[in-house]
Amino acid sequence: MSNLFEIKGLKSEIEGKEILKGFDLTIKAGEVHAIMGPNGTGKSTLASSIMGHPKYEVTEGQVFLNGEDVLEMGVDERALAGLFLAMQYPSEITGVTNADFLRSAINARRGEGNEISLIKFVRQMEGKMKELEMNPEFMHRYLNEGFSGGEKKRNEILQMMLLEPKLVILDEIDSGLDIDALKIVAAGVNAMRSEERSFLIITHYQRLLNYIKPDHVHVMMQGRIVRSGGPELAERLEAEGYEWIKEELGIVDETVGQA
Amino acid sequence: MAKQMPDMEEYQYGFRDEHKAVFQSGKGLTPEIVRTISEMKGEPEWMLNFRLKSLEQFYKMSMPTWGGDMDELDFNDIQYYVKPSERQGKTWEEVPEEIKATFDKLGIPEAEQKFLAGVSAQYESEVVYHSMQADLEAQGVIFTDTDTALREHPEILKEYFATVVPAADNKFAALNSAVWSGGSFIYVPKGVKCEIPLQAYFRINSENMGQFERTLIIADEGSFVHYVEGCTAPVYSTNSLHSAVVEIIVKKDARVRYTTIQNWAPNIYNLVTKRAVAEENATMEWVDGNIGSKLTMKYPAVILKGRGAKGMVLSIAVAGKGQHQDAGAKMIHLAPDTTSTIVSKSISKHGGKVTYRGLASFGRNAEGAKANIKCDTLILDNLSTSDTIPYNEIFNDNVTLEHEATVSKVSEDQLFYLMSRGLSEAEATQMIVMGFIEPFTKELPMEYAVEMNRLIKFEMEGSIG
């Protein structure tokens, strides 16, 4: 299998404070990787830096998607190249319906003159919403406005399903979900798994990984990966917590900024 | 020194045609010019006298000391009357070719085929084309230009003309009263409900020419009409003045909606007096979109005169580089149980300035009256500014007044979110702006909503980086 996604020595800071301190990770096509770790270890910064949030400044390192350096691209170009970030806190956009937004996003990929027909789009969107057990009215609701935490997460997965990205980053997609919603979201993700598509799942808890089986599990502390393993690593973390890793590595404070 | 051309952003409708006017009044304003205008129109004595008295008012009144900067506005440098052709076309075929070409560029014939109940397109100072669907006529609806109304329906016109906006109301109302020309006249008889909007297109097209149209709408008891007006103007190198007066009488149980989208070139002074009187249980709705112009001062007003009357103003204002939109609304509650709603949306960009200026007034008899005011501003960059100036007058203890104002910027997180789905920065900004004005666009007839979205899209292009 080829390397779909590579992160090399990534350093990133916010407001002058370095959060990522040399992050390395290689993901092959079709793989699912989970990144686990306590709060404040740089997990969400990793997601935002890869996608290009303007608050985060990448100071060193490279990120390749299919051999292309995405750090050279604008946020929209990264999306068009095949990156997708399901966000922990999606923005609300008043006055813009979910359907209008998604159709524009799809058409941004298809280009001028090749826009998706309205009927085809509506069918696709309805179909995916059904899979996610979303109320059809969400099609015409304003983007994320007044959505509950769980509804926002489902809406992120809906976008992922319709935009068919190559590399999906799920940032704490399980937070705020009850067990039924978690199962539905996981089923949505599993339905998207394929030989060509890879996933990077960021989570606090092992719970999500009961439903989305990762190929590799990584533990993040102090802004970098400190331990990697298979699904058994996640299970041990669930049973024993993070202390044993800290002890083994001699880490007192796992958060960033305490090098 | 010659006046400098204002620094303009590219203006889409900046084409000019070669049409030669039959008569031009020359620059400046004198009683002789007013007499000539009246004479050429073959007006009755009372109208000539009204014009001359108004002119005296105009001379006497001072310029407003508030609002926008009018230092560059020179009343002696404006042409007060241009008559484009000797007669008015009744059918499309009869309309002069050059004028038609201009309308073609604006897409009017196409629009007409689809939706129009009647078209009355103002070209320079006279209405040159006007048509009306037969069923409206059969219902007794009068829809014509105001000059024709003066000739053909003098008794109705005389009864209502200048009763809502008297000449002495303000300097620009006085000016309009002295030199008015064109505009729409609508009379809807008792109980008649016009199902299709009546529409007029306006266009200024002679350098330095003022456009002083005068619109009068009378909705008799229990009737309904929706009047729609869209304006575009070509680019000129010196300042142009547009100063209209719109008067609306909404009788008992009647409802009038007046929709305007104005897209002025960035050198136009747009100083307009719009006012309606709503009688018992009547409803008046102003839907008012202002894009462009050098300075717009416009505050659609509703005098809520009868018990239970309702007033609404829904407006958007977009100000770009070198532009000032000083716009708002006035709600005058004079009777019990009257209600009013003002929703004002403003966008400023490239150093543009938007001001919301509004009045909510409750008279002694306004027992149980309610007013709800919501002003939202979206600022697209650090050069642009906004102000909110609400005035309240309350002479009754038992009224409810709610005022809410927000100022926001396009947020980094919103842009990031939309762009992370593949939209460019321009597309993302546009989408946020469209969402912001959606409460306005959703109230427009479909073809206008499309036009509005196109205009906003055009306005937003180049707003980025």
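## A predicted two-chain model, chain by chain

Of the 259 residues in chain A, 43% are buried, where buried stands for 20 or more other C-beta atoms within 10 Å of a residue's own, exposed for 12 or fewer, and partly exposed for anything in between, with C-beta atoms placed from the backbone. This is a predicted model, in which local features need pLDDT of at least 70 and side-chain atom pairs count only at pLDDT 80 or more, while totals for chains, interfaces and linings use all residues. Residues are numbered from 1 along each chain as its sequence is written, and chains are lettered from A and ligands numbered from 1 in the order in which they are written.

**Chain A overall.** Chain A has 8 helices and 10 strands; here helices (H or I, at least four residues) and strands (E, at least two) are DSSP runs numbered from the N terminus. Its radius of gyration is 18 Å, close to the 18 Å that the globule rule gives for 259 residues, so chain A is as compact as a globular protein of that length. That radius is taken over C-alpha atoms, and the rule is 2.2 Å times the number of residues to the power 0.38. Along the principal axes, the C-alpha atoms of chain A fill a box of roughly 60 × 40 × 40 Å. Among the contacts in chain A with a separation of 6 or more, 72% are between residues 24 or more positions apart; a contact asks for C-beta atoms, placed from the backbone, within 7 Å.

**A sheet in chain A.** Four strands form an open sheet in the order S2-S1-S4-S5 (chain A), with antiparallel pairing. Strands pair if DSSP finds at least two bridges between them. Strand S2 (17-28) and strand S5 (68-69) of chain A are at the edges with a single partner strand each, so one side of each is left without a neighbour in the sheet. Strand S1 (residues 3-14) and strand S4 (residues 56-65) of chain A run antiparallel and are joined by 8 bridges. Phe5(A), for instance, has Leu65(A) in S4(A) as its bridge partner.

**A helix residue of chain A.** Leu233(A) lies in helix H7 (residues 231-240) of chain A. Leu233(A) counts as buried because it has 21 C-beta neighbours inside 10 Å. Leaving aside residues up to four places away in sequence, Leu233(A) touches Val217(A) and Arg227(A). The C-alpha atoms of Leu233(A) and Gln206(A) are separated by 9.6 Å, and these residues are 27 residues apart along the chain.

**Inside chain B.** Helix H8 (residues 171-179) of chain B is mostly covered, with 9 of its 9 residues buried. Among them are Phe172(B), Leu175(B) and Val179(B), but also Lys171(B) and Asn176(B). The buried residues of H8(B) pack against helix H1 (31-40), helix H2 (45-60), strand S8 (214-219), strand S11 (245-250) and strand S13 (268-278) of chain B.

The domain assignment gives chain B a domain 1 (23-298) and a domain 2 (414-465), with bounds that come from an automatic or database assignment. In chain B, 12 residues of domain 1 are in contact with 10 residues of domain 2. On the domain 1 side, helix H4 (108-115), strand S9 (224-232), strand S12 (255-264) and strand S14 (283-292) of chain B give two or more residues each. By class, that side has 7 nonpolar, 4 polar and 1 charged residues. Nonpolar covers Ala, Val, Leu, Ile, Met, Phe, Trp, Tyr, Cys and Pro, charged covers Asp, Glu, Lys and Arg, and the others, Gly among them, are polar.

**Between the chains.** Here 18 residues of chain B are in contact with 23 residues of chain A. Helix H9 (412-419) and helix H10 (425-441) of chain B each supply at least two residues of the chain B side, and the largest share, 7 residues, comes from H10(B). That side divides into 8 nonpolar, 5 polar and 5 charged residues.

**Confidence.** The predictor gives the complex an ipTM of 0.96 and a pTM of 0.81. For chain B the mean pLDDT is 83, and 78% of its residues reach 70 or more; pLDDT is the predictor's confidence in each residue, from 0 to 100. Over residues 1-10 of chain B the pLDDT is below 50, and this stretch has 14 contacts in the model beyond near neighbours in sequence. Residues 109-126 of chain B also have a pLDDT below 50, with 72 contacts counted in that way.

How values were computed
Contact = placed C-beta atoms within 7 Å.
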